[in-house]
Amino acid sequence: MRIANLTHGALFMLGAYLGVSILKVVPNLWVAALLGGLAVAAFGGLLERFILRKLAGNILGQVLVTLGFAYIIADLCLVIWGGDPIPIPTPQFLQQPLRVAGFAFPAYRVAVVVLSVLVGTALYLLMERTRLGAMIRAGVDDMQMARAVGIPVSRLFTLVFCLGAGLAGAGGVIGGPIMSAYPGLDADMLPLALIVVILGGVGSLAGAFAGSFITGFVYTFGVALFPQLAYVILFLPMIFVMAFRPRGLFGKFAA
Amino acid sequence: MKLAALACLLVGFPLVGGEFYVNLASQIFIFAIFAASINLLLGYGGLATLGHASYLGVAAYTSALLGLKLGLGHWLAAPAALLATTLMACLFGLIALRATGLGFLMLTLALSQVLWGTAYRWVALTDGDNGLRGLSRPFHLDDAASFYYFALAATAASLWLMARFVGSPFGAALRGTRDQPRRMSALGHHVWLIRWITFVYAGFWGAVSGLLFVYYHKYIHPISLSLTNSAEGLLAVIAGGSGTLAGPVVGAAIVMLLKNYVSAYIERWNTLLGLVFVLIVVFMPEGVVPGVKRLWLRFASRT
């Protein structure tokens with residue numbers, strides 16, 4: 001959608017904290033992820049509809065407004081949920097390690113991988129194989145022409161923004177058992193997400209997947225091998241990609 | 001005439017102002033250099049950066065580390081810090097200027113977040129969250145008034161040099177690349193090179209503000225490298241009016257006053273900062289200086 005959104009880290013964190021609160025009422029992680037995602041999606045929809053809509057094409061304005069909201073969200077989370085890290089329990093039936101060919105894998109992480117592949121596939125099918133996806137792509141590529149042929153671009157964009165925000169929120173809840181919810185989670189997630197997008201290429205789902213794989217691998221090995229320089233190592237693949245392919249691995253257009 | 005009056009006011013200020021206000025003014029000066037260096041990129045080059053705290057922080061850390069770990073005096077540490085930071089700006093410019101617009105912004109942000117994370121995690125070198133303490137000021141400028149004059153002189157010199165840069169033919173070419181990059185390219189200007197030189201120049205002045213920053217506080221913490229710091233600088237430029245010479249200075253004063261005064265009464269400084277961001281973008285997108293100028297012109301034309 002070509003909107004500079006810096007609230008995503010904060011939305012991820014908001015999702016994680018909402019997950020904490022929902023889990024107190026409904027002790028089921030998947031329900032919490034769904035509800036947390038919906039709540040964050042609703043918030044994202046309001047943000048898009050009432051603020052970002054007016055700033056279409058004004059990148060700097062979008063950046064400052066989303067950054068402002070990121071601060072407000074982070075600060076309010078601190079007020080509501082306090083400064084201590086809150087762990088989110090792993091669901092009971094996924095606590096046993098999974099044994100495959102003599103190797104033990106933590107079952108929850110396997111479930112997260114499966115789920116993310118499912119979500120990625122669903123998004124791909126939505127964007128590339130359905131009428132709705134074609135309409136969204138048309139709106140991004142040429143908004144005026146899309147409007148002229150009767151596509152409700154504004155409504156679609158609100159929907160897409162909701163979807164993006166909702167996925168960030170649900171991601172926060174699902175990431176909870178691995179990372180727990182703590183202040184500063186947003187600032188930890190944002191550079192990761194940005195590097196993933198820069199690496200993979202803006203506007204490409206395959207790019208986002210490839211980007212997260214590379215970033216995940218490099219980051220995990222980097223933390224294990226050179227813990228103090230993990231951030232520098234994280235950033236090396238990005239330099240290489242930018243040097244040879246400025247639009248990212250799978251990017252359609254330069255960001 | 002106006003400038004001379006302003007100079008008299010600024011020189012005379014420590015004689016009447018209390019120590020708190022003199023220190024606050026010094027902080028505004030330092031922040032004004034920082035904001036003005038962002039303005040070179042944003043206002044004149046049309047390049048929105050969210051990573052300018054890198055230069056402030058790296059210069060501050062370099063000079064602090066050279067002093068603490070190698071025992072270098074300020075005469076050596078300060079030029080070394082400026083040189084190292086400027087070289088870093090050369091390198092970062094090569095990477096970040098692969099893109100413009102949103103891509104440029106994301107790259108500068110990612111680069112600065114990397115430095116911020118490194119400063120936090122590399123405890124052996126930077127002492128992580130504790131920050132580096134026990135630093136000294138050059139020339140034994142330990143009382144508020146003498147540091148004020150030092151900062152005032154440095155700020156005046158920096159702003160003058162930046163104004164010269166913008167007013168030069170090169171500055172005109174830079175504004176050309178902001179408004180009509182394709183036409184400038186067709187006219188034979190090397191658009192990328194113009195942007196890169198500006199990027200490095202802005203990085204240098206960011207480093208200067210970093211040196212003053214670490215001299216003032218005699219302490220440096222990873223938060224100086226954080227996104228918040230870059231964003232506050234950007235906010236100061238936009239609040240004051242980007243692409244004007246006085247804008248960043250006015251904006252720096254506004255942000256610093258808000259930060260120092262209001263945070264004494266309101267605990268939730270980050271929420272307030274966020275609200276200020278939103279309000280300025282929604283209601284005063286052009287900034288305070290052009291806004292006031294426009295009101296003044298309207299007022300003057302009526303009478």
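# Notebook: a predicted two-chain model

I began just after helix 7 of chain A, where A:Ser180 takes a positive phi of about 60°. I noted that most residues other than glycine have a negative phi. Helices here are DSSP runs of H or I of at least four residues, strands are runs of E of at least two, and both are numbered from the N terminus.

The model is predicted, and local features need pLDDT of at least 70, side-chain atom pairs count only at pLDDT 80 or more, while totals for chains, interfaces and linings use all residues. Residues are numbered from 1 along each chain as its sequence is written, and chains are lettered from A and ligands numbered from 1 in the order in which they are written.

**Entry: helix 7 of chain A**

I checked the length of helix 7, residues 153-179. The expected span is 1.5 Å times one less than the number of residues.

**Entry: helix 8 of chain A**

Helix 8 covers residues 185-200, and its 16 residues reach 23 Å from first C-alpha to last, close to the expected 22 Å. I then looked up burial. A residue is buried if 20 or more other C-beta atoms lie within 10 Å of its own, exposed if 12 or fewer, and partly exposed in between, with C-beta atoms placed from the backbone.

**Entry: chain A as a whole**

I counted 10 helices and 2 strands in chain A. From the N terminus on, the order is α-α-α-β-β-α-α-α-α-α-α-α. Of the 255 residues in chain A, 41% are buried. Two residues are in contact if their C-beta atoms, placed from the backbone, lie within 7 Å. Among contacts in chain A between residues at least 6 apart in sequence, 69% join residues at least 24 apart.

**Entry: the two domains of chain A**

The domain assignment gives domain 1 (8-182) and domain 2 (184-255); such bounds come from an automatic or database assignment. I found 15 residues of domain 1 in contact with 9 residues of domain 2. On the domain 1 side, the elements giving two or more residues are helix 1 (8-25), helix 3 (59-81) and helix 4 (107-129). Helix 1 gives the most, with 6 residues. By class, this side has 12 nonpolar, 3 polar and no charged residues. Ala, Val, Leu, Ile, Met, Phe, Trp, Tyr, Cys and Pro count as nonpolar, Asp, Glu, Lys and Arg as charged, and the others, Gly among them, as polar.

**Entry: two residues of chain A**

A:Gly9 is in helix 1 of chain A. With 26 other C-beta atoms within 10 Å, A:Gly9 is buried. Leaving out residues up to four places away in sequence, A:Gly9 touches A:Ala70, A:Asp186, A:Ala187, A:Met189, A:Leu190 and A:Ala193.

A:Pro27 sits in the loop between helix 1 and helix 2 (29-50). I found 12 C-beta neighbours inside 10 Å, and A:Pro27 counts as exposed. A:Pro27 is 10 residues from A:Tyr17 in sequence, and their C-alpha atoms are 14 Å apart.

**Entry: chain B**

Chain B has 14 helices and 0 strands. Its radius of gyration, taken over C-alpha atoms, is 19 Å, close to the 19 Å that the globule rule gives for 303 residues, so chain B is as compact as a globular protein of that length. The globule rule is 2.2 Å times the number of residues to the power 0.38. Along its principal axes the C-alpha trace spans about 55 × 45 × 35 Å. I found 49% of the 303 residues of chain B counted as buried.

I also looked up B:Lys218, in the loop between helix 10 (191-217) and helix 11 of chain B. B:Lys218 is not a glycine, yet has a positive phi of about 55°. B:Lys218 is partly exposed, with 14 other C-beta atoms within 10 Å.

**Entry: where the chains meet**

The contact takes 34 residues from chain B and 34 residues from chain A. On the chain B side, helix 5 (101-121), helix 11 (227-240) and helix 13 (269-283) are the elements that give two or more residues. Helix 5 of chain B gives the most, with 13 residues. The chain B side has 23 nonpolar, 8 polar and 3 charged residues.
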